[in-house]
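Work through the exercises below with the coordinates open. Each task is followed by a stepwise solution.

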Amino acid sequence: MSTSTTLRAGIAAACLFIGSNVFIACQSKESVDTLVTHAVIYSADSLFNRYEAMAIKDGKIMALGTQTEIEKQYQAKDIIDAKGGSIYPGFIDAHAHFYGYAQNLTTANLFETKSWEELTTRLAQFAQEQPDGWLLGRGWDQNDWPDKQFPTNEWLNKQFPDRPVILTRVDGHAAIVNQKALDLAGLNAQTKIIGGSILLKQGKPTGVLIDNAVDRVTALIPALSASQLEKALLQAQANCFEMGITSIHDCGLSYATIETLQSMQQKQALRMRIYAMLSDEPANYQWMEKTGGIQNNFMHVAGFKVYADGALGSRGACLLKPYHDDRTNTGFLLSQVSHFDSVARYLYQKGWQMCTHAIGDSGNRTILQLYAKYLQGPNDRRWRIEHAQVVSPDDLAYFGRYQIIPSVQPTHATSDMYWAEDRLGSERIGHAYAYKNLLKENNWMPLGTDFPVEDISPFKTFYAAVVRKDAAGWPKEGFQKDQALSRKEAIWGMTHWAAKAAFEEKQKGSLEKGKWADFILLSKDLMLVPEKEILDTKVLATYIEGKKVH
Ligand SMILES: [Zn+2]
């Protein structure tokens, strides 16, 4: 094709022809796939630029500009008229457990049921949605019910004579099962179990099992079938798209799980972009050695997730001084320092990212010192500390000096604020959830949710980061309000900086020329919406590579 034909083909529609071949007043318009018009587009680029319109071709952004500029230069059959609505880059959750969340969707949620009757209603509904295999549920607590008595399994036996059922109590130390499950496990009134018991009524099992008796049944639950798993992952994806999430850092997966996710992406069933951290297991290191990781548009594997310590709620976080509400306990590290050291040395030498869960001030100090030993000074390794929840003021400077990235979850602050001071006391609480101080160290910081530990909603993350209150508006002045992020910082944390924490800022995280057209249209403008209405914000549409996925 000659140059002139090419030119003609591209510009024809916009030209005014005179005669057969001569044209004047020609405005050359380039054909693209999609135009987004009449919008308030927040690019979330480094200047936080705003635009009115955007041209998209082959899944990527061709241009951004004013309505007039874009209309003048481009044409497309597909027009997304935002009608003045606001558009942001698709949210990137920098710390979540997407696969774990999907698995949870295969279990009935029985948390906070107010009666056995409410439990049965929820379970019947769930059983319809998940009609095959074992019926699993978790979260009930008979103390929340009017009679506070353990239930019995008559209803379960009648409703599910052929399908084994196990419903685990909120603490995991008890469960109610049906007769089918008892039979499969070979449990009856005569069975003796060390470290467990089978509750009886008039000499017959009620279905309630305690401790080791529960394990006799859980040991029989088969792994999810491929089709069950696929269904759960697609549901998880749909829930995330509904919330405007287009990328997730899945923190701590086996290589086998990553391969499963990747095969679903290759079939184009899974469109979620995943930055997967491998968990700290010998088989995962071997796989990484062999494959060198994965880097394509939907799956990226370039680092490992390591656990330094546990959580604050259960007093497993490793503290420099004892817990305020348990003076004999400082928590503990989950491995010897020599283990963390050998992992750090290995990952540094290989050029892979190290992402370490650290909650307590001692857990954080141990890892910061270790990172510093290998990083030595300014670097671009982007080694991360996941959570960085309690950090001694003496250690803050490590983040800046060695360019260590704190990866934080703002809803942890507003979930834990009711009891965190009991654990830490009035002084140390001032060094906890101190996101503004952490941000100042590198001037960028990824934000996440840690779902399913927290809700998947990025709007809750934004609200917690900016407002630092619970949904009811407590506490009135905000929890440690001086540590709140600005709205702009929170948006960057959920988009641009989250992409950067996965070395992906050249492909996504902001709406800029050449990047993927992953974006969302919102019912309210997050930069302007009154504080009280932030949590009412809805995602009207979610796009990945310019294609609507919600
Ligand atoms: Zn997590």
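Is Tyr433 buried or exposed? The model is a predicted one. The relative accessibility of Tyr433 is 0%. Buried means under 20%, so Tyr433 counts as buried.

**Exercise 2.** Classify the ring pair of Tyr433 and Phe479.

Solution. Step one: the ring centres of Tyr433 and Phe479 are 6.2 Å apart, and the planes meet at 65°. Step two: an angle over 60 degrees counts as edge-to-face, so this pair is edge-to-face. Step three: Tyr433 is in the loop between helix H15 (420-428) and helix H16 (435-442), while Phe479 is in the loop between H17 and helix H18 (487-494). The two residues are 46 residues apart, and their pair links distant parts of the chain. Step four: Phe479 has a relative accessible area of 12% and is buried.

**Exercise 3.** Describe the pair of Phe91 and Phe459, one of the 21 aromatic pairs in the structure.

Solution. Step one: the centre-to-centre distance is 5.6 Å and the planes are 85° apart, an edge-to-face arrangement. Step two: Phe91 belongs to strand S12 (residues 91-96) and Phe459 to helix H17 (residues 458-466), so the pair ties together parts 368 residues apart in sequence. Step three: Phe91, at 2% relative accessibility, is buried, and Phe459, at 3%, is buried.

**Exercise 4.** Which residue lies over the face of Tyr348, and which ring does the charged end of Lys60 sit over?

Solution. Step one: Arg381 lies over the face of Tyr348, 3.8 Å from the ring centre. Step two: the charged end of Lys60 sits over the ring of Trp516, 4.7 Å from its centre.

Key:
Residues are numbered from 1 along each chain as its sequence is written. This is a predicted model: local features need pLDDT of at least 70, side-chain atom pairs count only at pLDDT 80 or more; totals for chains, interfaces and linings use all residues. Side-chain values use heavy atoms; hydrogens and water are left out. Rings of Phe, Tyr and Trp (its six-membered ring) pair if their centres lie within 6.5 Å; planes under 30 degrees apart count as stacked, over 60 as edge-to-face and the rest as tilted. Helices (H or I, at least four residues) and strands (E, at least two) are DSSP runs, numbered from the N terminus. Buried means under 20% relative accessible area, exposed over 50%, partly exposed in between (1.4 Å probe, protein chains only). A charge sits over a ring if NZ of Lys or CZ of Arg is within 6 Å of the ring centre and within 35 degrees of the ring normal.
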